[in-house]
Amino acid sequence: MVIHFITVGQKMPKWVQDGYNEYAKRLPKACSLKLVELPMANRGKTNSVDKMKAEEAKRILDAVPKGARLIALDEHGQQVTTKGLADKMEDWLGGGQDIALIVGGPDGLDASLLAQAQWKWGLSKLTMPHPMVRILVAEQIYRAWSVINNHPYHRE
């Protein structure tokens, strides 16, 4: 299974790239994490938020591999424990299809994408900067994998 981590926003600082890569490289090929960075919509004075979100939604959908299960990161999504995420990942692995884990731009995801998502994942009630989300998601995916495989990385 490949988890296509599709994010709006490019050119992250080196510390973000390093943090993300540290956890992504720990995952086995059977559960790999592949980052896909998309450009944000132009945030000029004449563009409405809805128009920018729609433009970003089109880019996201174009990047989602055919047949992948769509999972949206959304502030109103379901918050789960590490064990809960591990249970989700076991279902994903058992389903045999790739995952498209999507993160919108500064204004969030377009409603059309949220409606198509098979699960909406809320990381926290805290507001987080997009660079931190990349590292946190990579670490939590690795942690969930370690729970599934009884790896000593995760301790209860």
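## The largest pocket

A pocket here is an open set of points on a 1 Å grid over the protein atoms alone, where a 1.4 Å probe fits and protein lies on both sides within 12 Å along at least five of seven lines; its lining residues have an atom within 4 Å of a point. This is a predicted model, so local features need pLDDT of at least 70 and side-chain atom pairs count only at pLDDT 80 or more, while totals for chains, interfaces and linings use all residues. Residues are numbered from 1 along each chain as its sequence is written, and side-chain values use heavy atoms, with hydrogens and water left out.

The largest pocket holds about 580 Å³ of space, a volume being the space filled by probe spheres set on the grid points, which are joined across faces, edges and corners. Its lining runs to 23 residues, and Leu73, Asp74, Glu75, Met128 and His130 lie nearest the centre. By type, that lining splits into 10 nonpolar, eight polar and five charged residues, where Ala, Val, Leu, Ile, Met, Phe, Trp, Tyr, Cys and Pro count as nonpolar, Asp, Glu, Lys and Arg as charged, and the others, Gly among them, as polar.

Strands (E, at least two residues) and helices (H or I, at least four) are DSSP runs, numbered from the N terminus. β3 (69-78) and α5 (130-148) each put at least two residues into the pocket lining, with β3 giving the most, at four.

## Helix α5

α5 has 19 residues and spans 27 Å from first C-alpha to last, close to the 27 Å expected at 1.5 Å a residue; the expected span is 1.5 Å times one less than the number of residues. Of those 19 residues, 15 are buried, so α5 is largely enclosed by the rest of the structure. Buried means under 20% relative accessible area, exposed over 50%, and partly exposed in between (1.4 Å probe, protein chains only). After α5 comes Asn150, with a positive phi near 55°.

## The nonpolar cores

A nonpolar core is a set of buried Ala, Val, Leu, Ile, Met, Phe, Trp, Tyr and Cys residues joined through side-chain atoms within 4.5 Å. The largest one has 31 residues, and Ile3, Leu33, Trp92, Leu101, Trp121 and Val137 touch the most other members. α5 turns up again here, giving the most to this core with nine residues. A second, separate core of 16 residues includes Ala57, Leu70, Ala100 and Leu109.

## A loop residue: Lys11

Lys11 sits in the loop between β1 and α1. It isn't a glycine, yet its phi is positive at about 55°. Lys11 is also exposed, with a relative accessible area of 79%.
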